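Please read this report beside the sequence and the model shown here.

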Amino acid sequence: MKLIILDHYSQASEWAAKYIRNRIIQFNPGPDKYFTLGLPTGLPREHPESYHSFMWNNFFKHIDIHPENTHILDGNAADLQAECDAFEEKIKAAGGIELFVGGIGPDGHVAFNEPGSSLVSRTRVKTLAMDTILANARFFDGKLASVPTMALTVGVGTVMDAREVMILITGAHKAFALYKAIEEGVNHMWTVSAFQQHPHSVFVCDEDATLELKGKTVKYFKGLMLVHNKLVDPLYSIKEKEIDKSQSSKKPYSD
């Protein structure tokens with residue numbers, strides 16, 4: 001496990017963005033290797049607070065990706081369990097998830113895997129905890145009745161199958177969850193703790209999120225930043241990768 005500690009939210013965000021950029025260029029993804037997570041049920045995809053709208057407005061429309069290369073669970077499918085099963089099959093058909101990127105709630109939930117979720121769960125319909133409903137009420141003008149009470153979500157087991165997992169944790173309100181994830185044991189009441197057992201997990205956080213960690217824990221991981229920063233510096237270039245690929249394909253000259 002890597003724990004990346006930056007001073008501020010903006011620095012943590014920038015480090016994560018650079019890391020993801022480098023990993024994408026390294027991986028050279030194709031049309032069947034793009035996956036995202038968690039779409040609240042009961043909202044049309046055109047609804048401004050649907051996960052579909054959020055991803056398009058905040059990410060997809062800003063990059064060169066074709067709509068058919070995005071895969072978002074349909075929370076309005078006629079058969080929700082069939083939709084979840086099909087999503088798992090799409091992941092398998094694409095060769096698995098190369099890099100899963102997610103955040104957590106103050107209670108340590110990942111995607112919509114609320115406290116008490118099975119740590120081997122797959123994509124499924126999940127009932128949302130009241131804390132999650134209250135946290136999302138701000139997106140619905142504070143009207144609890146308008147907030148979905150169920151969601152489609154990838155399972156903890158689904159995420160554990162990814163070849164690499166990046167979890168973003170920022171803010172003092174997430175500090176206890178980070179403590180549970182790093183310094184205590186694996187516990188289904190804190191689903192983020194499952195990634196202690198993932199062979200390639202990266203936690204990226206700001207200083208505020210470390211407030212509940214022991215001083216020696218913070219000092220230890222900060223001492224590794226000289227090594228970890230080499231993961232984002234230098235930034236890889238798509239053009240340089242294409243040039244390297246072209247050169248490597250040429251046969252060496254011989255007399």
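In what order do the four strands of the open sheet lie, and is the pairing parallel or antiparallel?

## Basis of the model

The model is predicted, with local features requiring pLDDT of at least 70 and side-chain atom pairs counted only at pLDDT 80 or more, while totals for chains, interfaces and linings use all residues. Residues are numbered from 1 along each chain as its sequence is written, and side-chain values use heavy atoms, with hydrogens and water left out.

## The sheet

The four strands form an open sheet in the order 1-7-6-3, and the pairing is parallel; helices (H or I, at least four residues) and strands (E, at least two) are DSSP runs numbered from the N terminus, and two strands pair if DSSP finds at least two bridges between them. Strand 1 (2–6) and strand 3 (100–103) are the edge strands, each with a single partner, so one side of each has no neighbour in the sheet. From one strand to the next the twist averages 20 degrees.

Strand 6 (residues 165–169) pairs with strand 7 (residues 201–206) in the parallel sense over five bridges, and Ile169 has Cys205 of strand 7 as its bridge partner.

Helix 1 (residues 9–27) lies across strand 1, strand 3, strand 6 and strand 7, and runs at about 155 degrees to strand 7; axes are lines fitted to C-alpha atoms, for helices over the stretch in contact, and angles run from 0 to 180 degrees between N-to-C directions.

Seven of the eight residues of helix 6 (residues 175–182) are buried, so this helix is largely enclosed by the rest of the structure; buried means under 20% relative accessible area, exposed over 50%, and partly exposed in between, with a 1.4 Å probe and protein chains only. The buried residues include Leu178, Tyr179 and Lys180, and the buried set packs against strand 1, strand 6, strand 7 and helix 7 (215–222), where contact means heavy atoms within 4.5 Å.

## Glu98

Glu98, in the loop between helix 3 and strand 3, counts as buried at 18% relative accessibility. Leaving aside residues up to four places away in sequence, Glu98 touches Arg23, Phe27, Arg163 and Glu164. The C-alpha atoms of Glu98 and Arg23 are separated by 9.0 Å, although these residues are 75 apart along the chain.

## The second largest pocket

The second largest pocket is lined by 17 residues, of which Arg45, His52, Thr70, His71 and Ile72 lie nearest its centre. A pocket is an open set of points on a 1 Å grid over the protein atoms alone, where a 1.4 Å probe fits, with protein on both sides within 12 Å along at least five of seven lines, and lining residues have an atom within 4 Å of a point. Helix 3 gives the largest share of this lining, three residues.
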